[in-house]
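Work through the following exercises with the sequence and the model side by side, and try each task before reading its solution.

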Amino acid sequence: MTTTATPGAQAQALALAYEWIKFRSVRSTVWTTVATAVLPVLGAVFVATTGSLQSDDTVLGGSLTLSVVAQMLAAVVGALVVTGEYSSGTIRTTFAARPRRATVLAAKAALVAGVMYVLALASCTLAYLVGDALLPEGRYAQGEPLPALFGIAASFAVAAVLGLAVGTLVRHSAGAVTTVIGLLLLPSLFGPLFGGAERWIAGLSPTAALEKLTQTSDAAADAVGSLGPWPSLLLVAGYTTALTLGALVLLRRRDV
């Protein structure tokens with residue numbers, strides 16, 4: 001018995017394949033993705049060889065010291081996936097080949113989320129293993145890498161989709177990159193100004209959720225909010241989904 005894919009599924013698969021070709025053909029996107037994957041491991045080596053890990057930190061948190069920077073790069077990749085096409089004008093060709101703009105945006109979101117999840121899971125797991133091997137045994141608390149590493153990888157995927165949504169709204173690379181980095185950093189900076197709402201405001205960024213998941217000693221409530229790591233991640237995923245849907249509405253209404 002043979003089964004055939006529905007026309008909608010075929011269209012989505014073709015759109016995803018098309019986006020993958022474009023993704024690996026743009027140098028800026030490829031090199032930023034490579035940097036995203038390499039940074040956590042380099043951070044683990046640096047912390048272990050310099051002995052700069054704080055005494056109250058965990059092996060997991062110390063090994064993933066540069067994961068915050070890597071997550072920012074993941075968000076930049078998401079933004080570049082769409083703004084690069086606007087800058088080069090190839091977005092017109094994309095929409096001519098795929099008139100259903102929802103299909104195009106969904107393919108881009110699936111691509112950046114999938115790539116960043118897999119890369120982050122592999123990179124951050126390797127960084128943890130490297131840190132565990134290089135750091136003095138028994139001097140630091142181990143932390144709980146599972147299931148935290150899966151949540152860490154998910155936070156990278158969410159950050160990439162957030163970057164994609166911002167890029168779709170802004171359409172200019174410099175503006176989109178600046179905006180998405182601001183979204184990652186500003187909630188933690190301004191959270192303490194909102195009194196009782198601090199636990200929500202400070203925990204709004206993917207960066208805050210990431211720091212909680214890595215169990216770093218820097219993830220104090222006054223810096224990243226008092227929500228737990230998984231509720232914080234769900235909160236970020238929720239507003240990222242809402243922002244992406246808003247970007248889709250605008251994408252359908254305005255001209256290229």
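**Exercise 1: an aromatic pair**

Trp 20 has a relative accessibility of 39% and therefore counts as partly exposed, a class that lies between buried (under 20% relative accessible area) and exposed (over 50%), with a 1.4 Å probe and protein chains only. This is a predicted model, in which local features need pLDDT of at least 70 and side-chain atom pairs count only at pLDDT 80 or more, while totals for chains, interfaces and linings use all residues. Residues are numbered from 1 along each chain as its sequence is written, and side-chain values use heavy atoms, leaving out hydrogens and water.

Task: explain why the rings of Trp 20 and Phe 23 count as stacked.

Solution. Begin with the rule, by which rings of Phe, Tyr and Trp (its six-membered ring) pair if their centres lie within 6.5 Å, with planes under 30 degrees apart counted as stacked, over 60 as edge-to-face and the rest as tilted. The count by this rule comes to one aromatic pair. Because the ring centres of Trp 20 and Phe 23 are 5.9 Å apart and their planes stand at 15 degrees, the pair is stacked. Phe 23, at a relative accessible area of 7%, is buried.

**Exercise 2: a buried glutamine**

Task: determine whether Gln 71 is buried or exposed, and which backbone nitrogen its side chain reaches.

Solution. Gln 71 counts as buried, because its relative accessibility is 0%. Next, the side chain of Gln 71 reaches the backbone nitrogen of Thr 207 at 3.2 Å.

Key
A polar contact is a pair of N or O atoms within 3.5 Å; within protein, one must be able to donate a hydrogen and the other to accept it, and residues adjacent in sequence count only if both atoms are side-chain atoms.
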